[in-house]
Amino acid sequence: MMEILKKTNINFVGMRYYAFLFSGILATLGIIAFVFIFMGKANLGIDFAGGTMIQGSFEKPMSIGQIRNALGRNGYGNAEITELKAREVPYFFMIRLKSTAETGSKVSNEVLDVLKKEFPDNNFRKDSVDEVGPAVGKILQQQARLAVLIALAGILVYIWIRFDFRFGVAATIATFHDVLAVLGIMFILHKEITLLIVTALLTLAGYSLTDTVVVYDRIRENLKVFRKKGDFAGTINASINEILNRTLMTGGTTLLAVLSVFIFAGEVVHDFALALILGILVGTYSSWFVAAPIVLEWEKWSPKRFK
């Protein structure tokens with residue numbers, strides 16, 4: 001394998017208390033975001049909050065500001081408008097209106113009438129209209145929360161069987177940490193929480209777990225060699241340093257692929273790609289500074305491996 005770094009000797013576990021403090025801040029942000037989402041006060045997409053999404057194109061050049069002003073003058077000042085530049089059709093826009101008492105075909109028809117009235121010389125050609133009722137949005141919220149909890153419970157069982165209970169708990173905490181950290185950052189950035197973001201969170205949970213398992217595998221192999229020394233901290237440091245090149249290569253190439261999606265794939269998957277980018281960075285960080293150091297702290301307070 002190509003080597004980005006020569007042989008390293010970084011004291012990862014020596015920085016664990018700073019990392020725990022930093023991770024505590026990230027996790028707290030995530031918990032706050034989760035509470036706001038649960039209360040329905042976060043920036044929820046129409047997937048969860050209910051609403052109407054209209055996609056279509058104008059015949060002539062049009063700006064987001066012109067559409068926003070036109071809709072604002074007609075009582076739709078809360079409309080979210082995005083230009084989809086990656087489409088082959090020019091002047092293609094997505095207009096989203098969150099749930100109101102009159103969400104449904106009436107709203108979409110009224111918006112189309114407004115565009116026709118405000119821009120009589122620039123016809124808006126409707127491509128699609130999607131509507132999600134508030135009740136469906138609440139069901140999707142419940143199912144999304146359940147999906148995340150089931151995924152994390154599965155991770156705990158998988159690592160417990162593959163390694164042991166301590167590793168399983170540490171890996172689950174690290175994965176929880178990663179999901180909460182990315183959720184918290186997206187919340188701070190006021191990004192819309194949609195089904196795509198939930199998909200990204202589940203994807204990054206799997207990515208983070210894979211990275212953690214690689215670290216754990218190397219620690220287990222090295223324990224056979226270092227067991228007589230009784231130096232668990234040294235074993236963890238040596239293990240992470242040994243796979244540092246592998247982690248940078250896999251993480252770096254994955255990051256490049258997701259960056260390409262972020263830059264070139266258009267507005268629709270922009271936030272999805274951003275969540276994945278954050279997930280790769282946070283997941284790699286937590287494998288080094290959260291998952292393995294938690295096992296070390298557990299071993300420190302309740303010795304087991306070197307008795």
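Modeller: Before we start, a helix axis here is a line fitted to C-alpha atoms over the stretch in contact, and angles run from 0 to 180 degrees between N-to-C directions. Also keep in mind that this is a predicted model.

Colleague: Thanks! At roughly what angle do the axes of helix H1 and helix H6 cross?

Modeller: H1 covers residues 16–38 and H6 covers residues 165–188. Their axes come within 7 Å, and they cross at roughly 65 degrees.

Colleague: Are H1 and H6 roughly parallel or roughly perpendicular to each other?

Modeller: Angles of 65 to 115 degrees count as roughly perpendicular. The crossing of this pair is left-handed. With an angle of roughly 65 degrees, H1 and H6 are therefore roughly perpendicular.

Colleague: Let's turn to the backbone. Is Tyr-91 buried, partly exposed or exposed?

Modeller: Tyr-91 sits in the loop between strand S2 (80–83) and strand S3 (92–98). Its phi is near 55 degrees, a positive value in a residue other than glycine. Buried means under 20% relative accessible area and exposed means over 50%. At 27%, Tyr-91 is therefore partly exposed.

Colleague: And His-190, is that residue buried or exposed?

Modeller: His-190 lies in the loop between H6 and helix H7 (195–226). Phi is positive for His-190 too, near 60 degrees. The relative accessibility is 59%, so His-190 counts as exposed.

Colleague: Stepping back, what percentage of the contacts with a separation of 6 or more in the protein chain comes from residues 24 or more positions apart?

Modeller: The protein chain has 10 helices and four strands, and 46% of its 307 residues count as buried. It exposes about 15800 Å², with carbon and sulfur atoms supplying 63% of that area. Among contacts with a separation of 6 or more, the share from residues 24 or more positions apart is 80%.

Methods: Residues numbered from 1 in each chain as written. Predicted model: local features only at pLDDT ≥ 70, side-chain atom pairs only at ≥ 80, totals over all residues. Heavy atoms only, no water. Helix = DSSP H or I, 4+ residues; strand = E, 2+ residues; numbered from the N terminus. Parallel < 35°, antiparallel > 145°, perpendicular 65-115°, else oblique. Left-handed = near helix turned anticlockwise from the far one by under 90°. Buried < 20%, exposed > 50% of the residue type's maximum accessible area, 1.4 Å probe, protein only. Contact = heavy atoms within 4.5 Å. Areas by Shrake-Rupley, 256 points an atom, 1.4 Å probe, with all protein chains shown as cover.
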